[in-house]
Amino acid sequence: MQDGRAPRIRNRAPAAIQITAEQLLREAQERQESTFRAPKQRVEDFEELHEYRGRKRKEFEERVRRTRGSIKEWTQYANWEASQNEFDRSRSIFERALDVDPRSVQLWLSYTEMELKSRNVQHARNLFDRAVTLLPRVDQLWYKYVYLEELLQNVPGARQVFERWMQWEPDDKAWQAYIKMEERYDEADRASVIYERWIAVRPDPRVWVKWAKFEEERGKLDKAREVFQTALQFFGDEEEQVEKAQAVFNAFAKMETRLKEYERARVIYKFALSRLPRSKSANLYAAYTKFEKQHGTRSIVESTVLGKRRIQYEDEVSQDGRNYDVWFDYVRLEEGALRTLREEGGTKEEEDAAIERVRDVYERAVAHVPPGQEKRHWRRYVFLWLEYALFEEIETKDYDRARQVYRTVLNLVPHKQFTFAKLWIMAARFEIRQLDLMAARKMLGTAIGMCPKESLFKGYIQLEMDLREFDRVRTLYEKYLEYDPTNSAAWIKYAELETALEDFTRAEAIFELGVSQASLSMPEILWKAYIDFEVDEQGDREKTRSLYERLVILSGHHKVWISYAEFEGLSIPLPRAMREEEEDEDAEPRVVAGSQELARQVFERGYKDLKVKGLKAERAALLESWKAFEQEHGSESDIAKVEGMMPIIGRKQHVDKETGQVVEDWELVFADDEREANPRSFKFLQMAHAWKHSQAKKSGGTGILSGFTPATTSAPESTQNDDVRMEDRREHDDSHSDVASSDGE
């Protein structure tokens, strides 16, 4: 504590006697010092009383002299005099204070309160009269004055005060207070007159509604209707005035609904809604919708809901005219209304009006052309035009108008930057439905010449295919391939067409021309289609074999080798010439068996090719396919041979050239690679495993390790040359490999 720091606590163990928070608070309360209280003075005689009053008056006079503008000091002084029953002195002090600040509302209220406490009612009345004369815009003084008169049962006096107050045209609460006072004394006619005067001062819609509701509650229904009708005449038929009077229309209709005059209410709603735009009558329309749901028929309710949704869509499109999703919803709404009208058997005039509404929405929607020349901005817009054309064709049967819609949108789209194939194709198919084939062909030809596109070619080709115009289809495919010779799918479709027409020479020539292209988008599918054509349609094994040979030279992919080998091992149909000689079509088709030896040779060639290229993963995949082939077609020795060639997974450590750290990788290790790289150690390991095998035979067990084939003099030469799995550790300058067997030993 010498340096001012808090003492360091050494013993942190809990105390033997614990003190609760409640005990601490109790002790703090007990030890708290009591506040100072002034001693009570007892007055024994009049001399002491006069002395006390003189001393207090002197103190108050000093205080009001120092703070002359403090109303609080004046009020305390005057109230003290009143407490001493010195009312004349108190009034004198209040008057002196009013000379200082005559507009202090609190001072007037304190003055009148003092008079009322002392039961000087007439003085209080005089004070209120002076106050409201001086401050007629202070509502609090008027309320106090009226309350005083009503408290004294002086209703005519209170009414007189209200009349004086109403001459100043106060706010609505004052008028409402006057009316409530008349209602308390059952003076309904006087209250109605006050409402009329209130309307003359402040003709707001809510005041009209309150007056009409008052007349309705007291049973004067004709008077209530008269009030509403007067209000409607006052506001007039102009849009702005009707918008302002929506509350009056709504209240009028609700009153008629309560009186079960539903037709009157419906007429009122329709009158108001017919003079207001949809965007400004949302609340009134909601009330009308609710009314029709409760008291209207099904058709009226549906039309009401339609109108409400129209208002919603109009509001949305007014905010963003290029929100085409909203236009789609709006159009579907109007088309649904048209279909409903037809189902219910509407008149010709109603149907024509509904069609015009749909067309109006479409025209307004397509008038909002997208900005810029980006296709993503035009997609939804073009679909609006397509929906418009389909509506004219299907719903209205106006084919000339539908044709005009197609031509307008085709002229509107900037085809030099981008185009829409669906638009061209739908327009062409429309012309075909109108039996104008030349116009459709001319339109699609114009599209291909102006903005060639893959989907345009496909659509045009499909159109001619449906018409069975195969010569035109051939011409279109030629144009298609001139436009995009790298499209493998186009070559395949063209060849499939010739195959379907049984012109196999042309199909083969098309395939040959396709695979001879310098660059193709996906050459593998074209080669596969060509090979399948030669196998399934021609049955020409030699031609297929030559195709595979060309493909392995061109690609060399392991999947090509696998497919080539499987082709050699599987059966294929007879050549087409031999199939045509057979007359019995119901008999099971004959096939030409494959050659497993040729398949093994292909597997061998593929394995060696991938080995030369150093593709270990591909070699492993080819061996897996080879193994599956041998399990299906080969003997146990063939299977053992392939299994002996299977790789094992090893770990290899090497120094990363960039970081200089030792990195461990997993790699596939093939037995033949190890034999070629280290022939001496490999031969030594073979002899060791052969000795182990012979020792195991003597003892009656099997001592050969998994993945190794013993090298003995009696073993056949093919067995000695088999690839084996091995475990070997080799050390190099900066790397070594740790090889584990495939069995995990």
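Q: What should I know before I start?
A: This is a predicted model, so to speak of local features we need pLDDT of at least 70, side-chain atom pairs count only at pLDDT 80 or more, and totals for chains, interfaces and linings use all residues. Residues are numbered from 1 along each chain as its sequence is written, and side-chain values use heavy atoms, with hydrogens and water left out.

Q: How many helices and strands does the chain have?
A: Helices (H or I, at least four residues) and strands (E, at least two) are DSSP runs, numbered from the N terminus. Here you get 37 helices and six strands.

Q: What share of the chain counts as buried?
A: Buried means under 20% relative accessible area, exposed over 50%, and partly exposed in between, using a 1.4 Å probe and protein chains only. Of the 745 residues, 39% count as buried.

Q: Which residues does Glu-81 contact, leaving aside its neighbours within four places in sequence?
A: Contact means heavy atoms within 4.5 Å. With those neighbours set aside, Glu-81 touches Arg-57, Glu-86, Arg-89, Ser-90 and Ile-93. Glu-81 is in helix H3 (residues 71–83), and it counts as buried because its relative accessibility is 0%.

Q: Which residues form a negative surface patch?
A: Patches are made of residues with over 30% relative accessible area and no salt bridge; like charges are joined within 9 Å, and nonpolar side chains (Val, Leu, Ile, Met, Phe, Trp, Tyr) within 5 Å. Lys and Arg count as positive and Asp and Glu as negative, while His and the chain ends are not counted. The place of a charge is NZ of Lys, CZ of Arg, CG of Asp or CD of Glu. In this chain, Glu-44, Asp-45, Glu-47, Glu-48 and Glu-51 make up a negative patch. One of them, Glu-48, sits in helix H2 (residues 46–66) and is partly exposed at 32% relative accessibility.

Q: How many salt bridges does a search of the whole structure find?
A: A salt bridge is a side-chain nitrogen of Lys or Arg within 4 Å of a carboxyl oxygen of Asp or Glu. The search turns up 64. Take Glu-314 and Arg-364, whose side chains meet at 2.9 Å, N to O. Glu-314 belongs to helix H17 (residues 298–319) and Arg-364 to helix H19 (residues 348–366), so the pair ties together parts 50 residues apart in sequence.

Q: Which residues are linked in a network of salt bridges?
A: Glu-356, Arg-359, Glu-363, Glu-392, Asp-398 and Arg-401 are. Within that group, Arg-401 bridges to Glu-392, with the closest N and O atoms 3.1 Å apart. Arg-401 is partly exposed at 31% relative accessible area, whereas Glu-392 is buried at 0%.

Note on methods
Accessible areas come from the Shrake-Rupley method with a 1.4 Å probe; for residues, only the protein chains shown count as cover.
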